[in-house]
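Hello,

Here is the structure we talked about. Please open it and read my notes alongside.

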Amino acid sequence: MISVGDRVKEAIDHMGKGERMLALTPACIALDITSQRHAGIKRSGRAAFKRYVKENLWLITYVGFPGLMASTVRVPFTHPDIESDAAGCVGIEDIIYHVIRCSLIHSDEGAAKISWNEAVALGLDPEGNLVLNNGLIWGLLSAVVFSPVNKGESIPDDYWLQVGMFRMFISELWGRVDLAKRFVKFHTGVSVP
């Protein structure tokens, strides 16, 4: 059986080769399993996945979008499976679930209509593709690694994760959300509950 740690390793290996779309699949699977464990359910589900992303958005945005730490993110975007608000915006948790997770797992990468940007960005490009930053993948992986439900996971010692100015071995970070909260407080002065 492939573990959450194996999925994280696979995603990081793809990122090291510049294969962002290939990295998203194991990252989303690891996030799906983590949300399932967190909710204490036997099968993954849309509500548990989106709730977990929303609860960990502070960490996903802090790691994934340097300079941003948010408890909610709304993006002007339309998708047949997502209900937009009055302003035509949808939550990032809906985008991560429907556009990234479901499009990659149930379709092909072309169905996701994602373009990548090195700048901290979320939005649409002129062709209507969703513009994402590479950092989002690192943010998703951080929500997996730091989750207390994954404290028993493992990964080879030469894999690391950067949170702010801190670069640490993932093998020492499994389940240590307390460290992520300390990193955030150190850099921003904000205490995360």
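This is a predicted model: local features need pLDDT of at least 70, side-chain atom pairs count only at pLDDT 80 or more; totals for chains, interfaces and linings use all residues.

Leu 59, Ile 60, Val 63 and Gly 64 of helix H4 contact helix H7 through Gly 135, Leu 136, Trp 138, Gly 139, Leu 140, Ser 142 and Ala 143. Contact here means heavy atoms within 4.5 Å.

Residues are numbered from 1 along each chain as its sequence is written, and side-chain values use heavy atoms, with hydrogens and water left out. Helices (H or I, at least four residues) and strands (E, at least two) are DSSP runs, numbered from the N terminus.

Back to the helices. Two packed helices are described by the angle between their axes and the distance between the axes. H4 covers residues 57-64, and its axis comes within 7 Å of that of H7, crossing at roughly 140°. H4 is therefore oblique to H7. The crossing of the two is right-handed. Axes are lines fitted to C-alpha atoms, for helices over the stretch in contact, and angles run from 0 to 180 degrees between N-to-C directions. Under 35 degrees counts as roughly parallel, over 145 as roughly antiparallel, 65 to 115 as roughly perpendicular, and the rest as oblique. A crossing is left-handed if the near helix is turned anticlockwise from the far one by less than a right angle, and right-handed if clockwise.

Helix H2 (residues 20-39) also packs on H7, at about 25° with the axes 9 Å apart. So H2 and H7 are roughly parallel. Their crossing is left-handed. On the H2 side, the contact uses Arg 20, Ala 23, Leu 24, Ala 27, Ala 30, Leu 31 and Thr 34. On the H7 side are Ile 137, Leu 140, Leu 141, Ala 143 and Val 144. This contact has 10 nonpolar residues, 1 polar and 1 charged.

How many residues of H7 are buried? The count is 10 of its 11. Buried means under 20% relative accessible area, exposed over 50%, and partly exposed in between (1.4 Å probe, protein chains only). In H4, 8 of the 8 residues are buried, so H4 is largely enclosed by the rest of the structure.

Asn 134 sits in the loop between strand S5 (130-133) and H7 (135-145). Asn 134 is buried, at 16% relative accessible area. Leaving out residues up to four places away in sequence, Asn 134 touches Met 15, Arg 20, Trp 116, Asn 117 and Glu 118.

S5 is covered on both faces. Leu 130 and Leu 132 are buried on one side, Val 131 and Asn 133 on the other. S5 pairs in the parallel sense with strand S3 (residues 114-117), over 4 bridges. DSSP must find at least two bridges for strands to pair. Trp 116 has Leu 132 in S5 as its bridge partner.

Last, Ile 82. It lies in the loop between strands S1 (74-76) and S2 (89-91). Ile 82 is buried, at 8% relative accessible area. The C-alpha atoms of Ile 82 and Asn 134 are separated by 23 Å.

Best wishes

Note on methods: Ala, Val, Leu, Ile, Met, Phe, Trp, Tyr, Cys and Pro count as nonpolar, Asp, Glu, Lys and Arg as charged, and the others, Gly among them, as polar.
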